[in-house]
Amino acid sequence: MADINDRAHLMRLVMGNMASQTVRAAVELTVFDALGEHTRSAAEVAAELDLAEQPATRLLRALAGLGLCTEPEAGTFRATPAGELLRTGHEHSVHAFASMFTDPVMTAAWAELPFSVRTGQTAFDEVFGKPFFAQLREEPEKSALFNASMHDGTVAVAETLASHYDFSGFGTALDIGGGDGTLLAPVLREHPNLHGVVFDSAEGGAQAPERLAAAGVGDRASVTAGDFFSAVPGGADVYLIKSILHDWDDDRCVTILRHCRTVIPDDGVLLIIEPVLPELADPALAGLYLSDLNMLVNVGGRERTRAEFVQLCERAGFGLSTAGPIPGTAFWLLEAQPAR
């Protein structure tokens with residue numbers, strides 16, 4: 001029988017959208033930049049950000065209720081470690097990620113989740129009249145924010161991958177849909193004999209030269225613009241593809257992978273970096289199931305199980321040799337090789 005704890009749990013879920021919009025307001029108003037690493041009064045934060053003092057206090061208390069800051073004395077606040085991640089200057093900032101994933105361009109289609117569940121169709125296309133990535137192409141500022149959010153979501157796994165996987169036997173790594181080079185840069189830095197290529201659309205890879213140069217690997221890296229549905233460049237012996245396949249349905253994923261199979265050498269390796277769903281639902285992975293629904297409503301893709309990745313690889317002419325979680329991240333590394 002349901003008890004008061006069950007009711008409280010349900011109420012938290014029902015009010016979850018309010019929590020995300022509270023975070024959005026804090027991000028838009030740069031509240032955590034104003035707090036910095038100090039304990040500050042609501043009056044000081046309000047004055048610095050030109051906010052009304054009483055509503056600013058109420059916002060800060062709501063953020064405290066969400067565990068993003070504390071109120072050690074009445075009217076004074078300090079960011080928690082989780083809240084500090086919303087500072088723009090933090091080493092592991094998720095400011096752009098939080099801004100993008102609470103933006104109406106990302107959240108509007110969620111109101112039509114029942115439509116997607118009934119029909120299997122992408123709600124975003126119904127709401128906006130065009131696919132998600134086409135919408136981004138029409139909004140350069142949103143496209144740049146999306147790229148920045150992908151950077152935020154890639155930093156941790158990129159640093160771990162560079163030391164987790166042995167790239168020493170390869171000459172050139174090509175990152176398919178590599179964005180601003182966040183994934184490739186630490187790999188090249190960790191392996192000084194390796195050369196790299198970021199392959200993405202012109203807008204997707206626009207910030208890559210700057211990122212690679214800042215990492216000190218610009219002399220061993222290049223950026224190539226193109227469409228992975230049409231072709232993938234040759235010339236590499238290890239291909240990386242992170243957070244791309246979950247954007248697309250099975251047939252389009254196979255198209256991308258077959259383009260990889262066309263150019264990869266017989267002794268080459270394809271590294272797929274994606275979350276992997278367990279075979280049975282696990283409440284500890286709630287965020288992964290929400291991501292799966294986000295793929296459904298916004299882009300028409302999906303998160304997949306290990307067995308489903310095996311099927312994609314086999315359809316494209318690859319065999320999945322190893323698969324396992326990347327320590328300290330929500331991602332798996334799936335290593336595939338050309339089937340013989």
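## About the model

The model is predicted: local features need pLDDT of at least 70, side-chain atom pairs count only at pLDDT 80 or more, and totals for chains, interfaces and linings use all residues. Residues are numbered from 1 along each chain as its sequence is written, and side-chain values use heavy atoms, with hydrogens and water left out.

## Two domains

Let's start with the overall layout. The domain assignment gives domain 1 (4-87) and domain 2 (103-338); such bounds come from an automatic or database domain assignment. Taken over C-alpha atoms, the centres of domain 1 and domain 2 are 32 Å apart.

Residues 11-86 are 62% helix and 14% strand, with end C-alpha atoms 25 Å apart. For residues 110-318 the figures are 46% helix and 15% strand, with 35 Å between the end C-alpha atoms. Helices (H or I, at least four residues) and strands (E, at least two) are DSSP runs, numbered from the N terminus.

## The sheet of three strands

An open sheet of 3 strands has the order β1-β3-β2 with antiparallel pairing; two strands pair if DSSP finds at least two bridges between them. At its edges are β1 (40-41) and β2 (69-73), each pairing on one side only. Between β1 and β3 (residues 76-79) there are 2 bridges, and S41 has T76 of β3 as its bridge partner.

Helix α5 (residues 53-65) lies across β2 and β3, at about 110° to β2. Angles run from 0 to 180 degrees between N-to-C directions, and axes are lines fitted to C-alpha atoms, for helices over the stretch in contact.

The axes of α4 (residues 42-49) and α5 come within 9 Å and cross at roughly 115°. A42, A43 and A46 of α4 meet E53, A56, T57 and L60 of α5, where contact means heavy atoms within 4.5 Å.

## The sheet of seven strands

A second open sheet, of 7 strands, has mixed pairing and the order β6-β5-β4-β7-β8-β12-β11. Its edge strands are β6 (221-225) and β11 (318-325). Strands β4 (residues 172-176) and β7 (residues 238-242) run parallel and are joined by 4 bridges; D175 is partnered by L240 of β7. Helix α16 (residues 250-263) packs on this sheet, and its direction makes about 115° with that of β11.
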